[in-house]
Each structure stands twice: as C-alpha cells, then as structure tokens.
Amino acid sequence: MSSSINVNRMLLIAVVVLAVALIGVLVYFLALKTPTKTNTPQPPTSSSSTSTQASLITAAFERGVENWLGLVCIYNKYGENATLNALNNMYSIAYNYIYEYEQKSNTTYLLVYPIAQYQYLASNYAECAVSESDQNLVNTVTGALNNINTIAMTLNIPSNLLGTPLFIVFDKANNITYILAGASPYVFYAINYANEGNITVITYQGQELGYGFKANSTQVSFIGELASSGLRIGNSSANITIIELLDPVCPYCAIFQAMYGRSLETMINSGYVYYVIQYFPTHVLGYGCSSPTIASMLGPYCG
C-alpha cells in the first residue's frame, strides 16, 4: 500500500512538473491562433468570491469526468466516427475558452469550459450526458490513474514524461516504440522514425519530449492489450498504432487538436494509422485536488 501511495504521489508531482516544463515548448510551437468561432460566453462576474470559485472548481471536476464517460458512451452507442467528431468539438470549446483566457487574463475561463463541454454533450448526445455521484467519478479517476501507473511501469516511462497528451507510437512491423509527451508536432517525427526503424531521443532546446526503444515481447503484448481496451478508431491492420492518453479537459490536448489534429486525422482516415484513446485524467485531477469536497476523496492522489 505504501509503495502504491508513493507511486501515486510521484504521478501527481510528475503531472505538475511536466506542465511547467513544457511551457517554453508550447510558447514556441503554439502561439494561439484566433478560433474560427468565438462565441464564448462571458464568465460570471461574481466569480471572485471564495464560495463561487470552490463551486466552479467542484463542478469542473464533476463535468470533466462526466465528459470522459460521455465520450465512452458515444463510442458504444454511435461508433468511432461520432466519437472522434465529439472529441474534436469538445476540444474546440476548450480552445475557445483558453484563447479568451489568454486575451483577458480571467482565470474563470479555465474553470467553466468543462461545463460548456458538458452542455455540448447534453445538446447533441442527450443519452450520453451522464450524471454520476462524486464517489463514482472519483473511482473513475483513480481507476484510470492506476492504469497509468501500470503503463508507466511496464513501458518504463520516466516521470518527466507523464502528462497529457501522452502518445505511444508503436510500429508492429519492427516493434519500435516511441513515447511522446506534449502538444508538439514531434509525434509525426516519431511515426517516421519508427517506420524507418530508427531509435533516438527527441528533444527541443534541451527539453526531452520523447524517446524511442525496441519493445520486448512482454511490452509488445501489453501494448496490444492496451490498444484492445481503448476507444479504437481506424484501420486495426495498420503497421502504426498511436495510443493517445488524454483528458478531454486538458488544455494541451485541445491545443494539439487545434494545431495538428487535422494532420493526424488524415493519417487515420487513410488507414495508415490505427488510433486508440485511453483516459489519463491529468487536468481534471487538478480540479479535484483543488475542490474542498473532492480532494479528501482522492486521498493520496492529491499528495
């Protein structure tokens, strides 16, 4: 139990450290472009009160986890194309709010977009606008984080790369595997490196963004199981599998989609890439650990 708690604390610390470390990379790659739609509502003007902020943070956690559960529901009820479309729309909503935050420096924008994403689900996929108890939502998050712990230990992913978006790029023809973290275009470099059989470390200005290795037989089997348990989109016979570990309310995931999502979708639609989604509740964990009612339920995951 003690070992598990220590791993959980390391995971939380790693998520925070990675978010800070990648800021310099994001500033270079991701000067936010103006959203094509800017119909972002104004945040509540009364949000400065402590009680309102606490309420918004708790709601952001609740709606954030329910957004993931809604995405799973869409996958099961409507299929892979609807899932990808819904995820892209949710990310577009998040991106609009992030853009407004950058323009106006009002942190409330960073709290309300999970609620706006949920409203999108309720409007377009009413059957998948789920409502769960806080305990069930916490169980969803801790279960997903336990899965991340297993992934990290099996694939030997260092703590400095445990953040979202996290990509596992696997070439089943040669077992070359790349681990990439962050919203940068280097995932496409990793695809090419793996296809060519090249193993290298990917860095930008001294910051490690990812690395390649040849997966052993245990790791190959594990990657196959990880792919089969996720939300699977595209050609399962493709040589290249990309497993993206994401959080629908992660701002970096939204930025990646806005900047590079179309290129990735082209590869998926052409059959070149088999795309799999797994849940890594990084950003929603931050909401939960900042909520006076949720933090105690998350226990050791909040440090």
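# Salt Bridges and Sheet Packing

Colleague: By about how many helical turns are E100 and K104 separated in helix α4?

Modeller: This is a predicted model, in which local features need pLDDT of at least 70 and side-chain atom pairs count only at pLDDT 80 or more, while totals for chains, interfaces and linings use all residues. Residues are numbered from 1 along each chain as its sequence is written, and side-chain values use heavy atoms, with hydrogens and water left out. Helices are DSSP runs of H or I with at least four residues, strands are runs of E with at least two, and both are numbered from the N terminus. E100 and K104 are four residues apart in helix α4, so their separation is about one helical turn.

Colleague: What is the N to O distance where the side chains of E100 and K104 meet?

Modeller: E100 is buried (under 20% relative accessible area; exposed is over 50%, partly exposed in between, with a 1.4 Å probe and protein chains only), its value being 11%. K104 is partly exposed at 41%. Their side chains form a salt bridge (a side-chain nitrogen of Lys or Arg within 4 Å of a carboxyl oxygen of Asp or Glu), and the N to O distance is 3.0 Å.

Colleague: Which residues are linked in a network of salt bridges?

Modeller: E66 and R63 lie three residues apart in helix α3 (residues 50-78), and their side chains meet at 2.7 Å, N to O. R63 also forms a salt bridge with E62, the closest N and O atoms being 3.8 Å apart. E66 and R63 are both buried, as is E62 at 15%. The network links E62, R63 and E66.

Colleague: Which are the edge strands of the open sheet?

Modeller: Seven strands form this mixed sheet in the order β3-β4-β2-β1-β6-β7-β5, two strands being paired if DSSP finds at least two bridges between them. The strands that pair on one side only are β3 (201-204) and β5 (231-234).

Colleague: What angle does the direction of helix α4 make with that of β5?

Modeller: β5 pairs with β7 (residues 273-279) in the antiparallel sense over four bridges, and R232 has V276 in β7 as its bridge partner. Helix α4 (residues 80-104) packs on the sheet, touching β5, β6 (240-246) and β7, where contact means heavy atoms within 4.5 Å. Axes are lines fitted to C-alpha atoms, for helices over the stretch in contact, and angles run from 0 to 180 degrees between N-to-C directions. On this basis, the angle between α4 and β5 is about 100 degrees.
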